[in-house]
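Me: I am new to this structure and would like a close look at a single part of it. Please take the sheet, and then go on to a pair of packed helices.

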Amino acid sequence: MTSALVQLLRLDLESARFTVTTLTELWGAEADAALHRNERVPALRALAAKRRDADPEASATLATLFVLGLPVTHDDLVAALPNLGADGAVELGMVDVVGAEARPLIDLRPYSFVDSHGAGSWWIASDLGELVLGRPLGEEHVLGVGGASTTLSGLMMQTPVGRVLDLGTGCGIQAMHAARHATHVVATDISARALELAALNAELNSIHNIEFRLGSLFEPVRGERFDQIVSNPPFVITPRADGVPAYEYRDGGMEGDALVEAVLRGAAAHLTPGGVAQLLGNWEYRVGQDAFRRVGGWIDGTGLDAWIIERDTQDPAQYAETWIRDGGTKSGTPDFDRLYNAWLDDFDARRVTAVGFGYITLRMPLAGEPSLRRLERMHGALGANESGLGVHLSSVLAAHDWQKVRDDEELALSRVTAAPDVTEERHYWPGDEDPTAMLLRQGSGFGRTVRMDTALSALVGASDGDLTIGAVIAAIAQLLEVDVAELLAELMPRVRSLIDDGFLIPVDESE
């Protein structure tokens, strides 16, 4: 790979307007949705209809070749890549040209996103998927941008920092996102092929503050510390048995959920004071043992703050089916049944009853002992987070730190305001004047709902940043004709919880 050729490719992709918007316009929203389900027939039909009317546009040729994974003519390839040319595409390892036909060797597609810096778009190269290959994936397969990738990039806190570590970078997508708010990013992977494609993606998108290193887990950064660690580690629980493929992009080579435990424990030695690690993970539920008791044990002794959120669970059969299909093995085949049995045997050996999936946020305290330990289950829909959930995580962690250093007396002298995404919902029996239920709903973040009584509803409603918390509670006590001290004692823990969850926002005392 040479920078000169990559820059020529970039010019051609820009000239062809090879963007998410252009592709959606090419084949329509329905075909685009079908592609996300790994079905390309609707897109092929749409492109065929356009081809009947005129020669293919450059974007249509590139989409056919690199997104749909189908051959195009040599002449169409040259027309679509006038600066790079067919020879340049061959040299970059993008295509194989045989006679008058060019076949894809990589998947290359546009990717768009929104974060706290605004809207952005890149091109992302990865290995061809099973739809194109027509067979199960190879064990060294480099995955493109998938659901887990977008989940983690959305979770990523975007506060400006010095150094970031992307552990297990794959195609480089997390490192590229981190490069938008970090001075320097170190991206590691056990796969030389992954690092090759990740470096191509960084170069293609003019991102120059990423350093790539080969090695397993924390080995390539031994003795180094970072302000932020992000990782979509190979957390999939895969049988360690003969004949079961171990994909580098998802299988860590350890038994059960030991890989996630290793990353979690290892993070402590590589975070600066105040540094944050964010990763995705799986954890096993075993007979007679709750998963969170095991995960909590992983945190013990690390000295880290921890916030772990379980987003979903699957029973062993569902889990096995999901990941066998992910590797491209089709249901109903002998190979599928053989792998299915291997997975269930593996789970049976550890008496696994379910597997949880979720988000892990760790933090090295600036000083003293850890002050945050939240392990919670939040299955179901999230709130609306246009710039990513990481913005919410950053704000509520800062709010937690703000209120943690204040005792109740100091907190009562502080001011808060209701978050702009918070709404109140009241339910009435027909004809009743008083509500039977009052709910506080969060529009962004985790979309939480809190049940309120009259006093808490009044407190949130009056929290506009003008009066101190104590003054608001005193006024409510007078209206309700109750003792101020008793109401303070009742409401202050609930105020702290609302601050921790982002319903109430601290007001800058300098304002």
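Reply: Val72 has Ala102 in β3 as its bridge partner. This is read from a predicted model. Val72 and Ala102 are bridge partners where β1 and strand β3 (residues 101-104) pair in the antiparallel sense, over two bridges. Strands of a sheet pair through backbone hydrogen bonds, and the pairing is either parallel or antiparallel.

The sheet is open and has three strands in the order β1-β3-β2, with antiparallel pairing. β1 (72-73) and β2 (95-98) each have a single partner strand and stand at the edges, so one side of each has no neighbour in the sheet. Helix α4 (residues 58-67) packs on this sheet and touches β1, β2 and β3. The direction of α4 makes about 55° with that of β3.

Next come the packed helices. Two packed helices are described by the angle between their axes and the distance between the axes. For helix α17 (residues 454-462) and helix α18 (residues 469-480), the axes come within 10 Å and cross at roughly 135°. Angles over 145 degrees would count as roughly antiparallel, and the crossing at roughly 135° makes α17 oblique to α18. The crossing of α17 and α18 is right-handed.

On the α17 side, the residues in contact are Thr454, Ala455, Ala458, Leu459 and Ala462. They meet Val472, Ile473, Ile476 and Leu480 in α18. By class, the contact of α17 with α18 has eight nonpolar residues, one polar residue and no charged residues.

Terms used
Residues are numbered from 1 along each chain as its sequence is written. This is a predicted model: local features need pLDDT of at least 70, side-chain atom pairs count only at pLDDT 80 or more; totals for chains, interfaces and linings use all residues. Side-chain values use heavy atoms; hydrogens and water are left out. Axes are lines fitted to C-alpha atoms, for helices over the stretch in contact, and angles run from 0 to 180 degrees between N-to-C directions. Helices (H or I, at least four residues) and strands (E, at least two) are DSSP runs, numbered from the N terminus. Angles under 35 degrees count as roughly parallel, over 145 as roughly antiparallel, 65 to 115 as roughly perpendicular and the rest as oblique. A crossing is left-handed if the near helix is turned anticlockwise from the far one by less than a right angle, and right-handed if clockwise. Contact means heavy atoms within 4.5 Å. Ala, Val, Leu, Ile, Met, Phe, Trp, Tyr, Cys and Pro count as nonpolar, Asp, Glu, Lys and Arg as charged, and the others, Gly among them, as polar. Two strands pair if DSSP finds at least two bridges between them.
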